Amino acid sequence: MESGRHWAGVRRIVSPGSHIREGQPSVNPGIVGQAAGLFAVTNIDDILILSLFFAQGAGHPHSTRRIVIGQYLGFAAILAVAVGAAFGATFLPEAAIPYLGSLPLALGLKAAWQAWKNHRDGEDADEEEAKEGGPSPLEVAAVTFANGGDNIGVYVPVFATAGAGGMSVYAVVFLTLVAVWCFAGRFFATRPVVAKALSRWGHILLPLVLIAIGLLILIEGGAFGL
């Protein structure tokens, strides 16, 4: 998901005493398009991550279901925090946002260790991968939530000014587009040329991408004094 530095201003825009505007139409001709555009802009890089996850789970039974469930769990958590903050709740302290980068960083290091171990073991690698069966829902959810931490700062002021009805429309559009994103990620991962490349390099690309995302979140947020 696209990184941004909007979270710091969220509490200035929406404080515990703020009011969600009521009385607005729940649906208007432009709100669905606005919601779709906002989702696309803030989640464009998720397609790459999903493609890598689908490539990792290729050939394993039920891996698609686990990845989709994980993606929905992660994005539902993002929505829950954003909606709560729009109503003045503070489920996730501002200071904690940068440290979400630790989740994809840890998973990336784990994946890198597993890739190195499989390479070292040679013939045992395929058996080990078969046992793992691709990413788990919680792993996908953790990466999705951590990668969307900055997006919360974008969603909160939008939700706070959309009204309860408008917020519901945004949520429905977002959750619908999560399915579209999952389909797109699987589509790219199963194209012959892409699938061949990911089959050969995916075990290297996935750890690198997760580690890069984790470091980017940590550094941009100033975690650990970085």
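Reading along the sequence, the protein chain runs α-α-α-α-α-α-α-α-α. That makes nine helices and zero strands, where helices (H or I, at least four residues) and strands (E, at least two) are DSSP runs numbered from the N terminus. This is a predicted model, so local features need pLDDT of at least 70 and side-chain atom pairs count only at pLDDT 80 or more, while totals for chains, interfaces and linings use all residues. Residues are numbered from 1 along each chain as its sequence is written, and side-chain values use heavy atoms, with hydrogens and water left out.

pLDDT is the predictor's confidence in each residue, from 0 to 100. The protein chain has a mean pLDDT of 79, with 78% of its residues at 70 or more. Where pLDDT is low, the predicted coordinates should not be read in detail.

**Overall packing**

Of the 226 residues in the protein chain, 45% count as buried. Buried means under 20% relative accessible area, exposed means over 50%, and partly exposed is in between (1.4 Å probe, protein chains only). Among the contacts with a separation of 6 or more, 88% are between residues 24 or more positions apart.

**Two helix pairs**

Two packed helices are described by the angle between their axes and the distance between the axes. Here, axes are lines fitted to C-alpha atoms, for helices over the stretch in contact, and angles run from 0 to 180 degrees between N-to-C directions.

| Pair | Angle | Axis distance |
|---|---|---|
| α3 and α4 | about 150° | 10 Å |
| α8 and α9 | about 155° | 15 Å |

Take α3 (residues 46-56) and α4 (residues 63-86) to start with. These two are roughly antiparallel to each other; the cut-offs are under 35 degrees for roughly parallel, over 145 for roughly antiparallel, 65 to 115 for roughly perpendicular, and oblique for the rest. On the α3 side the contact is made by Asp46, Leu50, Phe53 and Phe54, and on the α4 side by Thr64, Ile67, Val68 and Gln71. Sorted by type, the contact residues are five nonpolar, two polar and one charged. Nonpolar covers Ala, Val, Leu, Ile, Met, Phe, Trp, Tyr, Cys and Pro; charged covers Asp, Glu, Lys and Arg; the others, Gly among them, are polar.

The α8 and α9 pair is also roughly antiparallel. Asp150, Phe188 and Ala189 of α8 meet Val194, Ala195, Leu198 and Glu220 of α9. That contact has five nonpolar, no polar and two charged residues.

**A covered helix and two buried residues**

Back to α3, which is mostly covered, with eight of its 11 residues buried. Those residues are Asp46, Ile47, Ile49, Leu50, Ser51, Leu52, Phe53 and Phe54. They pack against α2 (31-43), α4, α7 (137-147), α8 (149-189) and α9.

Gly163 sits in helix α8 and, at 2% relative accessibility, counts as buried. Gly163 and Ala86 are 77 residues apart in sequence, yet their C-alpha atoms are 9.8 Å apart.

Ala223 is in the segment after α9 (192-221), and its 0% relative accessibility makes it buried. Leaving aside neighbours within four places in sequence, Ala223 is in contact with Pro98, Tyr99 and Leu218.

Technical notes
Contact = heavy atoms within 4.5 Å.
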